[in-house]
2 protein chains.
Amino acid sequence: MVDKATRPTRDPVSFIDAGGYEISVAAGLLTRAGEIAAAAAPAHRYAVVSDSNVAPLYASRLVEQLGQSGESVPLCTVPAGEAHKNRESWAAITDQLLAAGLGRDSAIIALGGGVVCDLAGFVAATFMRGVPVVHIPTTLLSMIDASIGGKTGVDTPHGKNLVGAFHQPSAVIIDPEVLDTLPVSDLRAGLAEALKHGAIADAAYFDFIASSAPLLLAEDPGKRDVPALNHVIEKSVRLKVGVVAADERENGARKALNFGHTIGHAIELLSGFSMRHGEAVGVGMVLEAAAAERAGVTDAGTASRIRAALESAGLPTARPVGPSVSSILESMRGDKKSRSGEIEYAVPTRIGVMAGAGAGYTVRLSDAVVAEVLA
Amino acid sequence: MVDKATRPTRDPVSFIDAGGYEISVAAGLLTRAGEIAAAAAPAHRYAVVSDSNVAPLYASRLVEQLGQSGESVPLCTVPAGEAHKNRESWAAITDQLLAAGLGRDSAIIALGGGVVCDLAGFVAATFMRGVPVVHIPTTLLSMIDASIGGKTGVDTPHGKNLVGAFHQPSAVIIDPEVLDTLPVSDLRAGLAEALKHGAIADAAYFDFIASSAPLLLAEDPGKRDVPALNHVIEKSVRLKVGVVAADERENGARKALNFGHTIGHAIELLSGFSMRHGEAVGVGMVLEAAAAERAGVTDAGTASRIRAALESAGLPTARPVGPSVSSILESMRGDKKSRSGEIEYAVPTRIGVMAGAGAGYTVRLSDAVVAEVLA
C-alpha cells in the first residue's frame, strides 16, 4: 500500500458524485491513482491504455501500483493523436489484452486525453462483452468532457465516433497538476468546451471563463491562476454530470452538449484532424449560433458574444477555408446526429439557455441558412 | 401494408414475453417478418444482415417489405460460416451501413443463424453507439439460443465471442417452417442445445427430446413430427428466456447456460470451426459431466445419459483426436469464462439440476481431472 502520509495530495480532494461512480479532483492525485482505481474497480488483472505522449510521463508509477498483487499489468500505448482513434487501434489493444491473458475479471485504466478515454472506454465496453474502465484524463478537455458520461467510441473514414458504446466508467481521477506539463494550446482547446458548458447552461460561468482566460492561459504554468483553473474543472465537471444524469442515453437534454459539434465535427474531420477538437467546436459554436440567429431561433448578438469569448482565449473563430460549403454539409449529413434525413442542431436561444427544451433539445435549420454562414 | 388475409400464417402465433421484447413463433411468419420488425423497431431506415446461404432464400421479400416507405434497405451479406464471425465482417457491415447513409434512426434486421445473429447484434450494439436489432433466426440453434438473451459478439484468433456487447433485441421472429429448407445436420446441432436446456433445468424435457429425436430428425421434412419440433422450439425458448430474465448480465444463474461450452468452445476453436457449435457443445457436455462425476460434483451415470441422448440424435459424443490435451486446456484458460486465473465450469449435479446454485452457479474442476477425461 502507498502511505498517504509520505505522498500527500496538495489540496483537499473534491469528490463529485456522478451517479454510480465518483469523480475525484485534487492536485497531486496522480501519485495515488493506482490505489483509487483499484478500490473503485476491484479486478484480478489490470491493463493501462495510454498514448505515446503521456505514457513516458505518468504510466510507470501507475503500472507499478496496479501490479502490487504480483500480476503483470500490460501497458498498451497508441501513437498520440485523433488519427489513431480507430478500429485498428481498438483491435490491436484488445489483442494485446488477450495475448497477456486478461479475462473477464479485468479492468482497464485509461491514462491520457480524449482520444485515449474514448478508445480505452470502447475496448472496455466490448472486451469479453464489457469490463470496468477507470479514466485518468490528462488534458483539460478530457477532464471536463470525454472522461464523463460514458460515451465511448472510435472514428471511421466516414466520420467521428460512428462506432462505439455507452459504458460508464467506475471512477474518474482528475489531477489538475498534470496540466502544467501540457502546452498552453491544450488548455485553450479545453476552454472551448468549458465555454460551451457556460453557453448551454450558465451565463455567469460563460462570462467568468471569458474574463479569466488570459490568466488561465499564461505560458508559464507558475503564473497561471490555479484556483480559477480548478474552479473551471470542477464547475464544468459538475455541469456535465448534471446534464448526463438527466439523460444518460442522449434522447433529450444531453443533446445540449452537442452545441457546436455538428458543424465542429465536420470541419475537424475535413481538416484531416489538423484542427483540434476544441478549436473545431469553438468555431462550430460561432457558426451554429450565427445560423440560428438568421433562422430567428437565437437572440441577435449571441454568436458575436461567443466569438469574443473565443478570441479572449486565443481560439480560432472562423473555419478553415479549404473545404467547400457543400462538402461540409455532406459530411454533417453522414454524422450520427442526422435524424430522419434532416440536420438537427443543438443551439442556445441566448447564452445559458437552450432552444428546444421539452421538444428534443434540437432545432432543424435549413441547409440554405447554414450554407450562408459557412460561406 | 401487407394484407394478413392474403398471406396467412398457418398456425396461431405464439407470443412469448421476453421482458422488454416479444418472441413470436408461428409457421409461415417469415412472410410477415418485415411488418412485425417495423412495428417492434420503428426506424427511419432499415438494413438487413444475412449470409450467403440464407439471403438468396428469404432476403428479397424482407427487403421489399422494409422498403415500403421508399427508403432503400441495404442488404449486407457475409459468407456463411463461423469463420466470418469476426471483427473484419463487423467493420465491413458497419461501413456498408455508413456508405448507404444510415444514421442513428436506423434498425438492423438479422436474418440467419447464430453467426448472423451474433454479428448483426454486435453491429447494432456499436453502430452510432447502439441502434435496435430484430432477430429472424433461421436455424434451430439460433431460434433457441443465439437470438435470445442479448449476447452479441465476434470471434478473434484467441477464441470465440471474446469481443462483444450485451444488446437486447427489439423482437425475435421465429418461423419453424424455414427449418424444412435446412439440412438435417442443422437440426441435429440445434438439438444439442435443446438437450442442454433439459440437462440444466428440466429432466422430463431432456427425456422428451432424447425419445423424440428420431422423429424430429427425419430426412424428409414431410415425415418430421412437426408438433414435437414446435414444442422443442417453444419449450427451449421459454426456458432460456426464464434463465436470462433472472440474470441478464451473466453474474449468476445465467452461467448455467454455459454447460458444455467451456470444453465445447475450445474443441470447436481447435477444429478450425470444422466442428459445428452444437456438436462441440454436445461433446463438451459429455466431457464436463464426466469430469464433474470424477470430482464428486455430479451423480454417477449423468455423462452416460447425456451420451445416450446425443447418440439418439446422431450427434458425436467424443472429441476430435487431433488437438492435444494441453492445447485444449490452454485454449480454455484463454476463454472468457476463466475467472481469477482458474477454470470454472457450469455443470449439473444430475440431469435437470445445476451445481453451485447460490454459489455462482459454477464449480472449479482441477486441470488434472479434466485432462483425464480429455485423454
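Biologist: Where in chain A is Ala83(A) found?

Modeller: Ala83(A) lies in the loop between β4 (75–78) and α3 (87–99) of chain A. Helices (H or I, at least four residues) and strands (E, at least two) are DSSP runs, numbered from the N terminus. This is a predicted model, in which local features need pLDDT of at least 70 and side-chain atom pairs count only at pLDDT 80 or more, while totals for chains, interfaces and linings use all residues. Residues are numbered from 1 along each chain as its sequence is written, chains are lettered from A and ligands numbered from 1 in the order in which they are written, and side-chain values use heavy atoms, with hydrogens and water left out.

Biologist: Does one call Ala83(A) buried or exposed, and which is it here?

Modeller: Buried means under 20% relative accessible area, exposed over 50%, and partly exposed in between (1.4 Å probe, protein chains only). Ala83(A) has 52% relative accessibility, so it counts as exposed. In space, the C-alpha of Ala83(A) is 8.1 Å from that of Gly272(A), although 189 residues separate the two in sequence.

Biologist: How many residues of α4(B) are buried?

Modeller: Twelve of its 13 residues are buried, and α4(B) is thus mostly covered. Among them are Val115(B), Cys117(B), Asp118(B) and Phe122(B). This helix, residues 114–126, reaches 18 Å, close to the 18 Å expected. Met128(B), with a positive phi near 55°, follows α4(B).

Biologist: What is phi of Met128(A)?

Modeller: Most residues other than glycine have a negative phi. Phi of Met128(A) is near 55°, a positive value in a residue other than glycine. Met128(A) sits in the loop between α4 (114–126) and β6 (133–137) of chain A. With 2% relative accessibility, Met128(A) counts as buried.

In chain B, Asn161(B) also has a positive phi, near 55°. Asn161(B) belongs to strand β8, residues 159–166, and is buried, with a relative accessible area of 8%.

Biologist: Which residues is Thr317(B) in contact with, leaving aside its neighbours within four places in sequence?

Modeller: Such a list shows what surrounds a residue. For Thr317(B) it comprises Val283(B), Val286(B), Arg307(B), Leu310(B) and Glu311(B). Thr317(B) itself is placed in the loop between α11 (302–312) and α12 (325–334) of chain B. Its relative accessibility is 17%, so Thr317(B) counts as buried.

Technical notes. Expected span 1.5 Å × (residues − 1). Contact = heavy atoms within 4.5 Å.
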